[in-house]
Amino acid sequence: MEKFYITTAIDYANAKPHIGHAYEKILSDVLARWSRFYEKDTFFLTGTDENAQKNDQVAKEKNIPTKDFVDKNTESFEELCKTLNLTNDDFIKTTQDRHIKVAQAIFKKVYDKGDIYKKTYSGKYCEGCEAFLGERDLVDGKCPEHKKKPKIIEEENYFFKLSKYEKEILKLCSSKNFIVPSGWRKEIVNRIKLDGLKDISVSRQGLDWGIDTPIDSEHKIYVWIDALTNYISALSYPAGAKYKKYWPADVHVVGKGINWFHSVIWPAILMSAEIPLPKQILVHGYVTFNGEKISKSLGNAIDPSELIDKYGVDQFRYTMLKDIPFDQDGDFSENSLKDRTNNELANDLGNLLSRTLSLCEKYYSGKLTKQKNDGLFEKLNLKKIEKHIENYNLHLALEEIWSFVRASNKYVNDKEPWKNEETREVVLYNLLEAIRISSLLLSSFIPGSCDKINSQLGIKSGTIKNIKFGVIKKYSIKKGDILFKKIE
Ligand SMILES: [Zn+2]
């Protein structure tokens, strides 16, 4: 059985999640579900970065013990996984023992290799990024991500010989499928060619929050070796059965702001530790809300669960996936959520189910046996859908599935089974099959609604093997509640 290991980035546990956090998780969940649909042995990981200095800072500002503070925020992120109906197989927290021992083991391995050394360093440090920034990173002297002037910091730290891996990293990043989409690949490759790779600090001195380095108790392990190793600590590196089965990762899904860390620093650490490299870094854009950047200071950092309570989780998942192509920044708005719910989910899909089942109950008491293929199934372009998902164009895959749903609505209008008795049974059976197949294809995107469709059709969900005409020999349907309520 082919395996598939997919991860999201781990979020800082210094605040509650907002809708920007939801996008990456939904995108990853669809890919994980789709992989299971293709009967791959799939492992989907998400989690929180609890050791970050900014967690400690915010906790201190709020006068809350740091551990209590991160525990509480992590709980909201775990809650979000449930609210979004994610199928993550694990949730890693970087204060867990299972993570601490792996982060220390990797640090030690890289140190023993001779790739970590001590030196005094002075540089421009952005607290938001938790990173030293080069001149090229700054815009008008400020961090473009956090709009803040970096602080000059001078300290004695342990450094990782990133420069030693420049040639290999450049080769890796230049390869066609490692960084997707190609725009972000070019950006990284250009930056390596222009500036080269400089050694980076992998420890911080005099802190009281974080993981001790295994070689010097005055120093904590800095974010690179700490946070990034979550992808293997969750699999119980090096001896765990999951590590042996799932590593290397097939896809690390990350926001564009942390592309460099994942495409350059993480593989270099792995090279040094002699661990196989992940196969792909999938870089997505940022989400704006009602046209504005999401931030706590703007007061629009909306908790996704508020919108989900109001509109429903599949309405939220669907709109997000439809409105935000992964390779661009995209806007999410309540207006679009309403429009797509009313027009696409309720009118196109919901009505197709409800009118078909009403006719099946009226004329056949809900019992229909297999009929001949009337050609509706040929309107489905599975190859195209597969191609779109392979290229991570989930919005286009949805559009293609929808063209089948619309073709089915046109079919029922054209055939008028309420009038034409002689073709009625064939038409209704073909429609039930079209709904069943649409539901299978949509089950990675709007899983809860597809469960409801399946239960009304009286069938179980299935895999790609069931995407063919005539699988169900005898339908015994039971019309239930409407799938998507219209929003006024
Ligand atoms: Zn910054």
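A: **A close look at Lys383 and its setting**

Lys383 counts as exposed because it has 9 C-beta neighbours inside 10 Å. The model is predicted: local features need pLDDT of at least 70, side-chain atom pairs count only at pLDDT 80 or more, and totals for chains, interfaces and linings use all residues. Residues are numbered from 1 along each chain as its sequence is written.

Lys383 belongs to helix H14, which covers residues 382-390. Helices (H or I, at least four residues) and strands (E, at least two) are DSSP runs, numbered from the N terminus. Between the C-alpha atoms of Lys383 and Gly141 there are 49 Å, and the two residues are 242 residues apart along the chain.

The protein chain has 17 helices and 18 strands. Its C-alpha atoms fill a box of roughly 85 × 45 × 40 Å along the principal axes. Of the 488 residues, 43% are buried. Among contacts with a separation of 6 or more, 74% are between residues 24 or more positions apart; a contact requires C-beta atoms, placed from the backbone, within 7 Å.

Strands of a sheet pair through backbone hydrogen bonds, either parallel or antiparallel. Two strands are said to pair if DSSP finds at least two bridges between them. Strand S5 (residues 116-126) runs antiparallel to strand S7 (residues 151-160), and ten bridges join them; Lys119 stands opposite Asn157 in S7. S5 is also joined by three bridges to strand S6 (residues 131-133), again antiparallel, and here Lys124 stands opposite Leu133. The hairpin of S5 and S6 has four residues between the strands, and in it Glu130 takes a positive phi near 55°.

Elsewhere, three strands form an open sheet of mixed pairing, in the order S15-S14-S16. Its edge strands are S15 (292-293) and S16 (330-332), each pairing on one side only. Strand S14 (residues 287-289) runs antiparallel to S15, with two bridges between them, and Phe289 has Glu292 of S15 as its bridge partner.

Definitions and conventions. Buried ≥ 20, exposed ≤ 12 C-beta atoms within 10 Å, placed from the backbone. Contact = placed C-beta atoms within 7 Å.
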